[in-house]
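The sequence and the structure are shown below for reference.

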Amino acid sequence: MAQTTPKISVIVPVYKAEETLDACVNSILAQTLEDFELLLIDDESPDRCPELCDAWAAKDPRIRALHPSKAGPGPSGARNAGLDAARGKWITMVDSDDTVAPDLFAALYSAANQSGADLVLCNCCRVQQDGTLMPLPQEQCFPVDTILSEEQFWDAFGTPWINQFTGTAHRLYAAKLFDGVRYPLGMLHEDYYVLPDLIARCGIIQCLAYTGYYVLQHEGSITATARHEVRLAMTRGDIHRAEYFLSRGWYDRAEGALTDVAEFLYRNKAAYDLRKPGHRAEFAFVKGELCRVYGALAAQKGARSLKLRAAALRLGLPVFHAYRALLAARHG
């Protein structure tokens with residue numbers, strides 16, 4: 001049988017979601033744009049999710065249930081399996097505990113075709129477990145439909161819009177953006193890490209003043225330790241973003257991102273339990289990557305001041321912090 005090419009491939013990683021999966025899938029099947037395939041990626045879930053995925057696939061020919069071997073902690077492996085199997089020219093991702101508005105796919109697809117955007121994002125809304133809507137603060141939402149170039153996107157990244165820009169959901173990607181791009185395995189906030197790789201391939205990014213994605217809020221889903229681990233993972237993403245800025249010749253952006261990372265690590269080192277070998281190794285790796293990219297920035301730009309700061313950073317975070325404070329005092 002010849003394989004069809006749907007307009008949109010919908011990727012849903014599924015793990016411990018037996019209480020929410022049906023609502024998620026029902027909201028997807030209720031779409032007014034019906035030309036899509038739904039890939040339910042069972043990430044070796046230990047509950048009834050594997051059976052639920054197969055049952056859904058038996059009900060609707062647009063649904064495929066995939067059961068790849070789990071490729072480490074987090075959803076990266078499941079997302080990558082979905083990308084490998086996707087047939088659509090466009091890709092969207094939905095978390096298995098979230099729901100979407102009936103016109104979400106139609107709104108995103110129509111906007112992409114009208115504007116020529118490679119990536120279209122819309123506003124999301126949080127939902128409590130009792131169904132109460134918790135809209136995001138107004139300053140975090142797109143107030144009007146907005147077209148952004150690659151550089152304009154990174155200008156806007158420093159605004160409260162950052163909370164809409166990060167993540168994988170409430171957006172439509174041109175499938176070509178993922179050519180050669182996959183989510184890193186075993187990394188928290190893997191979506192934050194690959195963002196520069198995707199934006200680098202975009203000609204146009206469009207932000208819609210439309211809310212069509214509903215994020216279920218879980219109580220007590222993250223501990224203080226996990227928050228520190230997540231933030232350290234995001235710091236790896238910040239360094240990766242700085243390296244991307246450097247590849248574009250955007251030296252000021254690269255230096256700003258790296259300086260923020262260095263100051264964050266300096267201020268928050270005590271927040272990480274470095275007595276644990278895993279935490280100590282991760283912190284050392286992130287610091288090493290920071291020094292490597294900062295050194296590359298200094299070498300590429302060739303400025304003596306940057307070379308001195310890179311040397312201070314190699315001597316340690318306290319030295320870098322003290323040197324920057326000294327420079328600020330001199331220029332103040």
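## Packing of α1 against α2

In this predicted model, helix α1 (residues 21–29) and helix α2 (residues 49–59) have axes that come within 11 Å of each other and cross at roughly 25°. Angles under 35 degrees count as roughly parallel, so α1 is roughly parallel to α2. The crossing in which α1 passes α2 is right-handed.

On the α1 side, the residues that meet α2 are L21, D22, V25, N26 and L29, and their partners in α2 are L52, C53 and W56. By class, the residues of this contact comprise six nonpolar, one polar and one charged.

## Packing of α9 against α10

Helix α9 (residues 251–268) packs with α10 at an angle of about 150°, and the two axes are 10 Å apart. Angles over 145 degrees count as roughly antiparallel, and α9 and α10 are therefore roughly antiparallel to each other. Here α9 passes α10 in a left-handed crossing.

From α9, the contact draws on Y251, D252, A254, E255, L258, T259, V261, A262 and L265; from α10, it draws on F283, V286, L290, V293, Y294, L297, Q300 and K301. These residues divide into twelve nonpolar, two polar and three charged.

## The nonpolar core

The largest nonpolar core contains 101 residues, and I28 and F165 are those with the most contacts inside it. Helix α10 (residues 277–301) gives the most to this core, contributing eight residues.

Leaving aside residues up to four places away in sequence, F165 touches L121, F142, L148, F153, A156, F157, R171, L195 and C207. One of these partners, L195, is among the buried residues of α7.

Helix α7 (residues 190–199) is mostly covered, with eight of its ten residues buried. The buried positions are E190, D191, Y192, V194, L195, P196, L198 and I199.

E190 is also one of the residues touched by R79. R79 belongs to helix α3 (residues 76–85) and is buried, with a relative accessible area of 5%. Apart from residues up to four places away in sequence, the contacts of R79 are I11, P13, M93, D95, T168, Y183 and E190. The C-alpha atom of R79 is separated by 21 Å from that of N163, which lies 84 residues apart from R79 along the chain.

Most residues other than glycine have a negative phi. K16 is not a glycine, yet its phi is positive, at about 50°. This residue lies in the loop between β1 (8–14) and α1, and K16 is exposed, with a relative accessible area of 55%.

H170 likewise has a positive phi, of about 45°, although it is not a glycine. H170 is located in the loop between α6 (162–165) and β9 (171–174). Is H170 buried or exposed? With a relative accessible area of 6%, H170 is buried, whereas K16 is exposed.

Terms used
Residues are numbered from 1 along each chain as its sequence is written. This is a predicted model: local features need pLDDT of at least 70, side-chain atom pairs count only at pLDDT 80 or more; totals for chains, interfaces and linings use all residues. Side-chain values use heavy atoms; hydrogens and water are left out. Buried means under 20% relative accessible area, exposed over 50%, partly exposed in between (1.4 Å probe, protein chains only). Helices (H or I, at least four residues) and strands (E, at least two) are DSSP runs, numbered from the N terminus. Axes are lines fitted to C-alpha atoms, for helices over the stretch in contact, and angles run from 0 to 180 degrees between N-to-C directions. Angles under 35 degrees count as roughly parallel, over 145 as roughly antiparallel, 65 to 115 as roughly perpendicular and the rest as oblique. A crossing is left-handed if the near helix is turned anticlockwise from the far one by less than a right angle, and right-handed if clockwise. Contact means heavy atoms within 4.5 Å. Ala, Val, Leu, Ile, Met, Phe, Trp, Tyr, Cys and Pro count as nonpolar, Asp, Glu, Lys and Arg as charged, and the others, Gly among them, as polar. A nonpolar core is a set of buried Ala, Val, Leu, Ile, Met, Phe, Trp, Tyr and Cys residues joined through side-chain atoms within 4.5 Å.
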